[in-house]
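Below are some notes for a colleague who wishes to check a few local features by hand. Please read them with the coordinates open.

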Amino acid sequence: MSVYQLVWFRQDLRIVDHSALWHARQTGPCIALVTLSPVQWRQHDDAVIKIDLYLRQLKVLKEQLKQLNIPIIIQTIPLWKEVPEFLLECCQSLSVQQIHAHIEAGINEQQRDQDCQQLLDTSGIALTLYQDRTLFPFGSITNQNGQPYQVFGAFKKACYSRLEIALPKCYTEITAQNPITLPALDQFQQTVPDIRQLCDIPVPESIQQLWPACENHAHTLLEQFLENHIQHYHIERDFPAHSGTSQLSAYLNIGVLSIRQCIQALFRHQSGYFVPEQEGQSIWLDELLWREFYQHILYLFPNVSKYLPFKANARNIPWQDDKTALTAWQQGQTGIPIVDAGMRQLLVTGWMHNRVRMITAMFLCKNLLIDWRQGEQWFMQHLIDGDLAANNGGWQWCASTGTDSVPYFRIFNPVSQSRKFDPEGQYIRTWIPELAHLDAKTIHAPYESKTVQQLDYPKPIVDLKYSRARAIDHFKQYL
C-alpha cells in the first residue's frame, strides 16, 4: 500500500515557491487539502469580498494541482475546533503518514494546530509546519538579550543585517507526480463551493473584476509595479489619486504571491544581492518589512490576537460610545471629504489607499475618540486584503496604543493631509461626486468657504481644532 503526504493549504493558495508543497513532494506522492470554516471566518470578521477572492483562487489552485496529478480535498468544517477529528479521519482513510502545512501567526490558528498535533500524535501521524509567510522565522529577529524587538526601527536594522548576508531564496518548481488511483478519495468533497453557499451573500461581478484570481495576474502586477512605479514609489505612494502603490496586498494576504518572490524580484537587477540602488526600492522594502514586523508581533505577543492594546497602560483609556458618529464614519458621511472619500472607496471596492487608511483611522480614534477596535473590526469586515497582523498594527499605531505608535499628541489634520496629498481634489471627486463641481481650494473643506452654496453633503460632525485639543487632553491623562 502506498503512503501519502497531505499538503494542507491555508493562506497560501499557490503552487510556486510553496515550502510545504515542495517538502512534501520530496518525501512522496501528495494529496492536497483545503478546509473552509465559514463560522470561524465570521467570528474573525473576515470580509465576504476576501472570502470570495479566496474561493476564486482556490478554483485556480485546483486546476494547477490537477496538472501536477495532485488530487485535492475541499472540506467545509464550520469551526476550527472540529478540524483535528477530521484530519485524523482523513489521514487514516487515505494512508497519510505526514501532513505538511505553514505556520500561521494568530493565537487561534496556533491553538488549532496544537490541537491537531496532539490528536495526530496518538496515531503516529506527523504534522510538520514550515515558515513561509515571513522572510525570517518567528522569534529569530531578536536583540542582544534574545528578546523580540518592539520598535520597528531596530527590527528593520536587524533585518537589513540578515538580508546583507543573503536574500531568502525561492523554492524550485515541482514536477508532476504519477497519477493517484485511490478509491477512498471519493468519500471526500472535491468541489469548490460558491460564495453564496458559505456566506449567503453574492459578490457582484464588477467587484470581482477589480481583483482577478490567479498567480499570473499577481505576478503581472508585481512586474508592472517594479518596471513602471518603483522609481517614483517614495513620492507617489502617498497620493491616493495616483496608481503609485503595488496593489499586491490582497494577493500576498492569501498567498498567491510569496514574500520571497517579492524580495527576489525587487533585487533581481542586483543579481539577487541586497544592494538598494534607488529610494523607491528602499521604501517599498521598508513597507514589506513593516508587514514582516507586524507578523512577528502577532505571533510573539498573543494579546494582539485578543483585541487588547499592545501597551498595557492603554487599557485604561475610556472611549466615546457615539453610535451616530461611528455610523457616519462607516458610511462616509462625516463632512470631512478626505475621510468620507476613503470610507466610500472601502465600501465600493473593498480596498483603501494606505495614506487614507491612516487618515480615516486617526480621525476615528482621536477626533471622535471612538475605540480603535471598532474601526479595526469595520476594516476587517470590508477589506479584501484584511490581515489581522497588519490591520491591528496599523490601527494601534494610529490610536497610540501599539508598538512604535505615533505619540498621542501627534494627530493628523485630515484637511491638511488632503491638501497635501490630494492637492487637486481628484481623489475626493472620484468618491464624492456631490463635491465634484468644487474647485481645488474649496473641495477639501467646503463649509469653510464663505462663497459655498448649499451642498448635498453633510456638514462636519466634529470641529477639528476643538477635537484635537480634546484628544490631547484626554490621552495625556492615561498615557
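1. The expected span of a helix is taken as 1.5 Å times one less than its number of residues, where helices (H or I, at least four residues) and strands (E, at least two) are DSSP runs numbered from the N terminus. For the 13 residues of helix 21 (residues 464–476) this gives 18 Å, and the end C-alpha atoms are 18 Å apart, which agrees.

2. This is a predicted model, in which local features need pLDDT of at least 70 and side-chain atom pairs count only at pLDDT 80 or more, while totals for chains, interfaces and linings use all residues. Residues are numbered from 1 along each chain as its sequence is written, and side-chain values use heavy atoms, with hydrogens and water left out.

3. Buried (under 20% relative accessible area, with exposed over 50% and partly exposed in between; 1.4 Å probe, protein chains only) describes Leu464, Ser467, Ala471, Ile472, His474 and Phe475 of helix 21. Seen down the helix axis, these residues fall within an arc of 165° (taken from the directions from the axis to the C-beta atoms), so they line one face of helix 21. The face turned away from the buried side carries the exposed residues Lys465, Tyr466 and Lys476.

4. The buried residues of helix 21 pack against helix 16 (354–367), helix 18 (388–399) and helix 19 (414–421), contact meaning heavy atoms within 4.5 Å.

5. Pro423, in the loop between helix 19 and helix 20 (426–431), counts as partly exposed at 39% relative accessibility. Not counting residues up to four places away in sequence, Pro423 touches Phe239, Ser418, Ala440 and His444.
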